[in-house]
Structures are given as structure tokens and as C-alpha cells.
Amino acid sequence: MRTLSDHEQRTIRIAGILIAVYLLLFGGWRGWAFLATKRHDYQNMIKEAKRRKQQLEVYQDKAAKIKELMEKFHMDPAKLSRASVVAEASDAIQKAGASGGVQFGPIRESHGHSSAKELASMQLEGNGSLPSVVTLLNRLESLGYPVIVDAVQITPNAMRPGMVKVTLTILIMDFEAWKSKEAPNA
Amino acid sequence: MTRLDLVNSTSLYLEIGQSSLKAFQGNDGLELTLERLPSGRLTGPCKERLTLILRDFLLKKNWQSRMGAFCAVGARGVSLRRMTLPATTKEGLPQFLRLQIEREFPLPPDELAWGYRSLDVAQPHTTAAGPQELVVVAVKKEVLEEYSEVLAGCGIIPVFTLAALARSRVCPHPPGSYSVLDIGRNHSEFVSFENGAPVSLRILTWGGENITHAIQEKLNISRDEAEKLKINLDTEPVSTGELGPLVQSAVGSALHSLAATIGSNWNGQKIYLCGKSARQKEIALQLAKALGGRVDCERLEVMPGEGRSAAILGLKKACEQEGGAPLLVIHVKEARGVVRMSQPAPWKWAAVACALLFGALLFPYGEALLLKPRLAKKLAEIDRSAQQLATIDQEFNFLEYIKTNQPPYLDAAYVMANAAPGGTRIESLSMNHAGDVSLRGSMMNSQQVVEFRSKLIKSGFFSIVTVEEQSPTPDRQKMNVRITAQWKPAVARESLAIGPSAQEIEKAKAGSKEKKSGPQQAMNSGMPPGIVLPPGVVLPPGFSFPQGDQ
């Protein structure tokens, strides 16, 4: 093999250095770009995490309020069964009335307005003293069922002195309807 | 101690002679014998042995991976010339010198390793109009390349100089002509100076072995015995003992041959002696005598010990005590640059600083690389639990809806009971969750109707109160009324304080006890017997629902 002259060796050395510098710069640039992308992604993730954290803080407040309302209404919406909630609510109302001295007469039940997210509507007629009727009205919301008293009518009982006749129209709400994203049509 | 001293305090100094290599670092030295081929090149095993031993020596003493070393080479094969060049610039000088070397030396410059030093100490590389006096030292390049190769294997970057010139650093520089004679085993190096500038360099084929041989012949004893007697001369005066005169005579005759060699080409005033064979205390006097008394000879005192020699001490002195005064450096490669000694400590710290800087720059990116998977995992967990958030939303909306849509029937009844004047009789009361209230009953007179309506409005609970009809009873004793009202929306009612006060509750409790004591009193309070109002519900005095048709 021919021995390279000094000039050729110098040329090869310079070329080698230039190639090394090019590779170093190119590789460095690619590596830096890769790292910069990773960092950008990471920063976006941090922003997302902060946003989620703020959301969760809101949900913490909501959870506290849910707990408070569940204690107030004695009700856990997750445990309500759509199939049985109307019957159970009707039974609970009658028991509450009976224990308070209100004797219920005819009870009429009809389908609720689905647009208003109602499961059923009940009309109850009963007799009892005024305090027992007031007590019943007070206890209705804490029976453990999603009931809203739509209307109340109190009139004297002509047949039984000292007693009043009460007519209640009660709506039983449908929790399943809240699982859709539509806002309630209340 | 100067800064340079501190840097060079652990510098390595080497002297490579014809038959030995000496190394000195700190306070430790090393001496190795060299084996050479007939061509003068080192043998392969010798190179390997040198590499191993030197590497071991340096590892013990130095943690540096690569270090510089001043290396003084022997005079064998070295040419020393004085040259006069025309005035030129510093940049043009090497070119001129190269042409001069090409003309004066037997080998072309490319095959030589050479170095030079200006003899004009005040103005080296002057640009003045006058010619320049230079001393040039050259040696075959392959010789130094071989040394470089061996030393590079030990992690040493050598800076070559001439041992004969290095020795001159440890002797005084008297005016006029003087020489330094290094006496070796088989040969001696003789370098002569004029006014401090080197003039000539010679290898004399005379050494310590010549003295041994003279003693051996004179006393007719074996070589070993002669060698012992010679070594004894280092510590004992030559005149003592029975053999003293004979030995002295033998040494004298040997020195006469040396003096004859020196005197044939040199006529200076002083000779400094160094080298192992110059350790005899009387050798300087005997040589002076052999030279006819016209030359003053003086022995250079070199501290005995392994790795110590006049050349190494000269190098050390040049570097440490003379502030790095320029040595004549023999360059192996063509590039003529300033040779810097290894200064590992600053480079180490610079490297550490660079690494730290790089680390600081890389830290945010490293954080992203390291923590991103963990964060992504957490976000994925949050995404998976998003269903729970939807459930919370649903439950919250549902419960909130029920809460806000619970009509305030009891509040409305309480407000009406509070507003009703005494003697009011209510026939029917209807309310719905939209807030419509319809009341039918009778009052004592129209004034009570007005008061009742005013109180309802004043309570702030109702937004509209309408007396739709009022008409007197046929006996003109009472006033039948039909009133409708509309309660305010929940937001407007929030600020109202509706409900019994603490006094009213206490009163209700007291009333309850009275009822237990007598049914008649209970009847007077408007409540049917055996009926107890729920806590917080109180009917005001005078307000009663009808007791059925009497």
C-alpha cells in the first residue's frame, strides 16, 4: 500500500475532524430535539395534571355536599332500584303516615313525566289530626326515597270532628334519568 | 513557593542514557538498565519491562491519567551546532533554520528531531537588523520516536532536551571557557561552553571501566577485585593502605589518557565533573594534574540516591528554581509550539465544572425523561376514575335537584299561622310545589282580613297575596274570605329567618306538658287531644283548623 504523503494525511485528518464535528452537531441536534420534545410533552402533562387537580378539588367539595345531602335525606342514590323504588316509597309513606296517626284512604298512582325525570306520581288521601299531618309532611323528605310533594290540600273532615282531610300529590324522581347527560327539565 | 512550584511539585524528570534510564518524581527515584540492539535501538523485552515498571512507579505516586515529563537524552547520536542566521521574524525563523539544517546536517530535517535556542538571551528571536546566534541540537527522529512510544505507553508525554545541557544548570557559569564532563561506565559526555553558551558536544570513549582496567593491569588482579578497589576510592583516600600508591598510579595513568583526549581539542579553564565514575574524591585533583595544572577541575556534588543525576537535578532546577527558564527542547514533530507541562488539577476542575454545567442544562430534560412515565401512569389512573367523577356529578345534581324542589309547605303554614288574627277559621288550604297557595276560611271582620294580608306580605315569604273574595256571613257576625298567594322563589327566601324562635319552642314544650295534665287545656290550645306537634312546629294562639262539622 502506498504511503500517504504529509499533505494527504493532513487532508484526511481535516476531513475526519469535519465529519466528526458534523456527526457530533447532527447527533447533538437530533438528541437535543428529542429531549426538547420529551420535555414539552412532560410540561403539557404537568399542565394537564394541574387542571385535573383543580377539577378534583371541585369534586371534593361536591363529595362533601353529597354526603351532607345524603345524611339529610337518609338516601343513597346509588342504592335506589328503578324497579322497586316506587313501591318501596309508597310503602314507606304509608308506614310513616300510619305511625304518625294519619290514615290513608285511596292511593292513585300514575306514570311520571319522563321529560321531568319523574318515575311516578302518586295521589294519596288521608285523615288525621293537623299535627299528625304536619309531622307527616315534615318526615316525607327524610324517608330515604326521592320524593317531592307536588301539592297539598288540607280540608276539615266533615265526618270526624277534630280531624282534617289531607290530599297529597307526590312525585317520585328517577335517578336513572340523571345518568344521561341532559340537564333536568325541572 | 511560587505557583509554578506548586504545579510542578510532582513533575516527572527522566534521563535516558545509553545504558540506563533514570526517573525522579517528588522524592522518589528509579533507575533501570537498558538493553539495546547493535543498531542502538531498544530491545522489545526491554521496552515491555520499561513500560511495566514505569507504569507501576507512576501509579504509586500519581493518580493522573496522562502527565508531562521532562526527558533528558544522552549525547550519543546528537549533534550540537552553533549557527548564525540573518535577521528575520519569529515566524520566519524556523523556515530559515530548516534550510540551514538541511545544508549543515548529514540527514534531511524530516528525519531529524531538532530544537534550537537563541544565544542572545536578552532578545531571543530578535527582529533587529543584526544576525542571530543560535545553538541547534538535532538527533535522528526515530531515536526519540522510540522513546516517545515507550513513554506514551506509560501515560507520559515527554518533552525532550539534551542531558549535557541540563547538567550545566547545576554548575556555576564562570566567564570564559569551561566544560562539563559526565563520566559514564564506558564513555563520557563532554560539553564545552564559552561565556555560558554551548560550543561543542563530544562523546569520549573513556569511562569508569578504563580506571577499573588500569587498576586490574597495574595490580594484576581480577576485574571484580579491581572494581572493588575503584569503588573503595569513593569513600577512602587513595593514599591509605598498602595498595594505595599502586592504585593511585593506575588511576593517574587512566586519567592521563582522558586528559590527552580532552586536551587535544579543548583549551578552556575549568572542567566540572559529574557522573557515577566521578564520585572519587581525588579525581578532580588528579585530572587537573593530568591536564598539566592549567585547568581547574571541580566535582559537582550530587545527592546520592536512585534516580538522581546531574542532568535530572539540572532539569528540576530549571523547572522549579529558575521559573521555567527556557530549556532547549528537541521537537519530535514538525509543529513548533510552546510545550506545556501537564497541569492536571486545573483541567480536572474545568472538566468537573463542564460536567456540572452540562448536568445543570440536562437536568430539566432528565427530569422529563425520568418522571414522565410516572406522571403518565397517574394521569391514566385519573382517566380510569373519571367514571366515578361522572357518578359524583349525577348524584350531586340529583340530590341538589330534590333539595331545591322540596316545596316549603311547613314554612308557608308557619307564616300564615303567625299572621292569622285570633278567631280565624280556615276551611281549606291548598298548596303546590309551584308556590301557589289558596286559602279559604272566615275571620271576625274585614279589618282582620286586611291585617292578615298585610302580615303575609310583610313576612317577605310571599310575593303576591290576593284576597279574591270576602263576603259577610248571613248573620253578619263573620267575614268569609278566599285568598290566593304566591311564595317567592327559593333564592329570595334564603335570607328569611322562618321558624319558631327559642322562646316559642320552649312554650311549645310547656304546652305539651299541660296537655298531658288535662285534655281540656289541650283543647284550648287548638290541638286535638293526644296529638303532639313535631319539634319546631307551633301554631299561634287563636289559629285553629276546623274541628269538623259540629
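Predicted model: local features only at pLDDT ≥ 70, side-chain atom pairs only at ≥ 80, totals over all residues.
**View 1**
Chain A holds three helices and four strands, which follow one another from the N terminus in the order α-α-β-β-α-β-β. Of its 186 residues, 28% count as buried, and among the contacts in chain A with a separation of 6 or more, 67% are made by residues 24 or more positions apart. Chain B contains 17 helices and 17 strands, and buried residues make up 33% of its 550 residues. In chain B, residues 24 or more positions apart account for 66% of the contacts with a separation of 6 or more.

**View 1. The side of chain B that touches chain A.**
Contacts between the chains involve 46 residues of chain B and 51 residues of chain A. On the side of chain B that touches chain A, at least two residues each are supplied by helix H11 (344-384), helix H12 (386-404), helix H13 (409-419) and strand E14 (425-432) of chain B. The largest share, eleven residues, comes from H12(B). By class, the residues of this side of chain B divide into 30 nonpolar, eleven polar and five charged.

**View 2. The crossing of helix H1 of chain A with H12(B).**
Helix H1 (residues 6-73) of chain A and H12(B) have axes that come within 9 Å and cross at roughly 45 degrees, and H1(A) and H12(B) are therefore oblique to each other. The crossing of these two helices, H1(A) and H12(B), is left-handed. From H1(A), the residues that meet H12(B) are Tyr59(A), Lys62(A), Ala63(A), Lys65(A), Ile66(A), Leu69(A), Met70(A) and Phe73(A); from H12(B), their counterparts are Leu389(B), Ile392(B), Glu395(B), Phe396(B), Leu399(B), Ile402(B) and Lys403(B). Sorted by class, the contact of H1(A) with H12(B) has eleven nonpolar, no polar and four charged residues.

**View 3. Strand pairing between the chains, with E3 of chain A beside E14(B).**
Strand E3 (residues 147-156) of chain A runs antiparallel to E14(B), and four bridges join the two strands. One of the residues involved is Gln153(A), whose bridge partner in E14(B) is Ser430(B). E14(B) is also among the elements that each supply at least two residues of the side of chain B that touches chain A.

**View 4. The surroundings of helix H3 of chain A.**
Nine of the eleven residues of helix H3 (residues 130-140) of chain A are buried, so this helix is largely enclosed by the rest of the structure. The buried residues of H3(A) are Leu130(A), Pro131(A), Ser132(A), Val133(A), Val134(A), Thr135(A), Leu136(A), Leu137(A) and Leu140(A). They pack against helix H2 (85-100), strand E2 (118-128), E3 and strand E4 (164-173) of chain A, together with H13 of chain B.

Seven bridges connect E6(B) with strand E7 (residues 132-140) of chain B in the antiparallel sense, and in E7(B) the bridge partner of Arg117(B) is Val135(B).

**View 5. Strand E17 of chain B and its pairing with E15(B) and E16(B).**
Strand E17 (residues 479-487) of chain B is joined by eight bridges to strand E15 (residues 436-443) of chain B, and these two strands run antiparallel. Within this pairing, Leu439(B) has Ile483(B) of E17(B) as its bridge partner. Nine bridges join strand E16 (residues 462-472) of chain B to E17(B), again in antiparallel fashion, and here the bridge partner of Ile464(B) in E17(B) is Gln486(B). The hairpin of E16(B) and E17(B) has six residues between the strands, and Arg476(B) in this hairpin takes a positive phi near 60 degrees.

Definitions and conventions
Residues numbered from 1 in each chain as written. Chains lettered and ligands numbered in written order. Contact = placed C-beta atoms within 7 Å. Nonpolar A, V, L, I, M, F, W, Y, C, P; charged D, E, K, R; others polar. Pairing = 2+ DSSP bridges. Buried ≥ 20, exposed ≤ 12 C-beta atoms within 10 Å, placed from the backbone. Axes fitted to C-alpha atoms, helices over the stretch in contact; angles between N-to-C directions. Parallel < 35°, antiparallel > 145°, perpendicular 65-115°, else oblique. Left-handed = near helix turned anticlockwise from the far one by under 90°.
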